[in-house]
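Hi there,

Here is the structure I promised to pass on. Have a look first, and my notes follow below.

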Amino acid sequence: MHLASLYHATTKLRQTDPNAAWVNKLNAFIARIRNRVLDADSFAFSPPKVCGIAKEKGGHDYRALCLFSLEDGIINGLTAKYLRELLDPLFEDSAYAFRVRQEHKTMRTHHDAFEKIYCLKSREPLKDFHVAECDIRGFYDSVDHEVARQQLMRLADKTRETIHPRAVQIYDAYLNCYSFPQNVLGGGLTDLRKMDVAGNFPWPDEALRKFHRDPLAGKIGVPQGGAISCVIANIVLDLADKRIKDRAERLKAKINYLRYCDDMVLLSGNKRHCETVFRAYLKALNELKLPFHHPKLVEQYGPAFWESKSKKTYRWTGKKGPGCVPWVQFVGYQVRYDGLVRIKKKSVQKHLHKLLETTGKVRAQLLERAWRPPTLERQSMQATKGEIMASFRHKLASMGVGRVNLNKPADSPLPKCWANGYRALHGKRLITTFLKQFDRERERQIRRIAKAAIPDGTGRRTGNRKGRNRSLAKGRAFSYHAQFQDDGGAELVRNPLLKAAPMK
């Protein structure tokens, strides 16, 4: 909506005042990009800037995020859009990441992948399924450039429309501008060590020696953060998707295979079929020169089950015994054998940290006004303590459940909030422990701001102050946790975030 408004306003202003200075600069910028893409004899990307993003708070392992210049980023995005739209009809239905919106259909997302697993168990609640999982080791950092080119050409031969030669040139230039050994372990690591002397960019170089004589000298890895890399994920792993489909058809087996980027899960009612198809997937990864965590045998359900990255065939069931597991996890969601739902522990911890981090930033900004030396000009605080607390409470509420309109009750999670990020929980039976935890943490952070020595003022003049206070009074109703009320002996969930059915 905001981008559409910006586009409309820019187009209108360019027509009404074509000689404005900003219009001339914009036209020159557009002409420069068009010349690079369409008129120049050759094309090249500038090497992206490598930034280290900590994988865990307080840890020294970092993810290499790549930042392109504005021009390169625009070309990157438009080329990715072209390739995605051209190649999307060739991808299998089992791929859920980075797909194109089809006419009269919603765009496939990881929520749809979860829904398929959930519905699978809902249709056959008493049936046990056999499950296998495989995790690729540093997928984007391990993609072989030659494999990425070969797989693009394989798909290009099958397209109804001929792929534009310039798109292939830009695709090659994207690969040529970056490699993990050169850009990350070279200049990127040097810059990281200036910030964190113990910092490191993990890379499975020993595992890559299975496919490369000297990985450090190879052209390996694609930029994380570049739009074309998302397309590369589907281009490369499409071969594995088709191998599974072909193997299942030859076995005449009913296989439920789902892949989101480099994460995958296999489900089947037949153990032998699951094992056979899983081996076909691992064989395809070897052909694609992608290292993966060696699948471990699930002997018993416990903490070790969640710690293992790849798992050999195990049984999804409520029964006890070797190889029996009550939960299946995929794309952040977890489904129990009886249809109960929750989100993974790491996702809970991440959101709790975000609440803490947001409060810390707001508190520091407010206290900074009181800490300024008298010699500096001090900006006066107009809002009262009550108004500050109301504003902060609404900020945390919007992070969690969205900007709620009391006059228009929502029957589903609102956009641009945590609840929308896990909107597939809506209408499911779920464990509410993590929702209660979020509510407790949010109230704790609100008390943290209330206790701070924040300088306040006499109040801001606002025409909707009464309505805002009324909204604040009802603000506690917009919590994470489902509020259960007894109605004729039945538990009914009344919560604008999630409406979970009562436990049976």
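What is the order of the strands in the open sheet of three strands? The order is β8-β9-β10, and the pairing is antiparallel. Before going on, two notes on conventions. This is a predicted model, in which local features need pLDDT of at least 70 and side-chain atom pairs count only at pLDDT 80 or more, while totals for chains, interfaces and linings use all residues. Residues are numbered from 1 along each chain as its sequence is written, and side-chain values use heavy atoms, with hydrogens and water left out.

**The three-stranded sheet**

Helices (H or I, at least four residues) and strands (E, at least two) are DSSP runs, numbered from the N terminus. Two strands pair if DSSP finds at least two bridges between them. In general, strands of a sheet pair through backbone hydrogen bonds, either parallel or antiparallel.

Back to the open sheet: its strands follow the order β8-β9-β10. Its edges are β8 (327-330) and β10 (341-343), each of which pairs on one side only. From one strand to the next, the twist averages 25°. Axes here are lines fitted to C-alpha atoms, for helices over the stretch in contact, and angles run from 0 to 180 degrees between N-to-C directions. Helix α4 (residues 110-123) packs on this sheet and touches β8, β9 and β10, with its direction at about 5° to that of β9; contact means heavy atoms within 4.5 Å. β8 and β9 are joined antiparallel over four bridges, and F330 has Y333 in β9 as its bridge partner.

**Aromatic rings**

Rings of Phe, Tyr and Trp (its six-membered ring) pair if their centres lie within 6.5 Å; planes under 30 degrees apart count as stacked, over 60 as edge-to-face and the rest as tilted. By this rule there are 20 aromatic pairs.

One of them is Y257 with Y281, a tilted pair at 6.2 Å centre to centre with 55° between the planes. Since Y257 lies in strand β4 (residues 255-260) and Y281 in helix α11 (residues 271-287), the pair ties together parts that are 24 residues apart in sequence. For burial, the cut-offs are under 20% relative accessible area for buried, over 50% for exposed, and partly exposed in between (1.4 Å probe, protein chains only). Y257 is buried at 5%, and Y281 is buried at 0%.

Y333 and Y422 make an edge-to-face pair, because their ring centres are 5.5 Å apart and their planes at 75°. Y333 belongs to strand β9 (residues 333-336) and Y422 to the loop between α15 (418-421) and α16 (433-451), so this pair links parts that are 89 residues apart in sequence. Y333 is buried, with a relative accessible area of 1%, and Y422 is buried at 16%. Both belong to one aromatic cluster, together with F114, Y118, W418, F434 and F438.

Y118 has a charge over its ring as well: the charged end of K428 sits 5.1 Å from the ring centre. The rule is that NZ of Lys or CZ of Arg is within 6 Å of the ring centre and within 35 degrees of the ring normal. K311 lies likewise over the face of F305, at 4.9 Å from the ring centre.

**Strand β3**

Is β3 buried or exposed? Strand β3 (residues 129-135) is mostly covered, with seven of its seven residues buried. F129, V131, E133 and D135 are buried on one side, and H130, A132 and C134 on the other. Strand β6 (residues 311-316) pairs antiparallel with β3 over four bridges, and H130 stands opposite R315 there. Strand β5 (residues 263-268) also runs antiparallel to β3, joined by six bridges, with E133 opposite V265.

**Cysteines and R209**

How many disulfides does the structure hold? There are zero disulfides, a disulfide being a pair of cysteine sulfur atoms within 2.5 Å. For C230, the closest cysteine sulfur is in C261 at 7.1 Å, which is too far for a bond. C230 is partly exposed at 22% relative accessible area.

Lastly, R209 sits in the loop between α9 (205-208) and α10 (227-251) and is partly exposed at 37%. Leaving out residues up to four places away in sequence, R209 touches D214 and P215. The C-alpha atoms of R209 and P291 are 9.5 Å apart, although 82 residues separate them along the chain.

Best wishes
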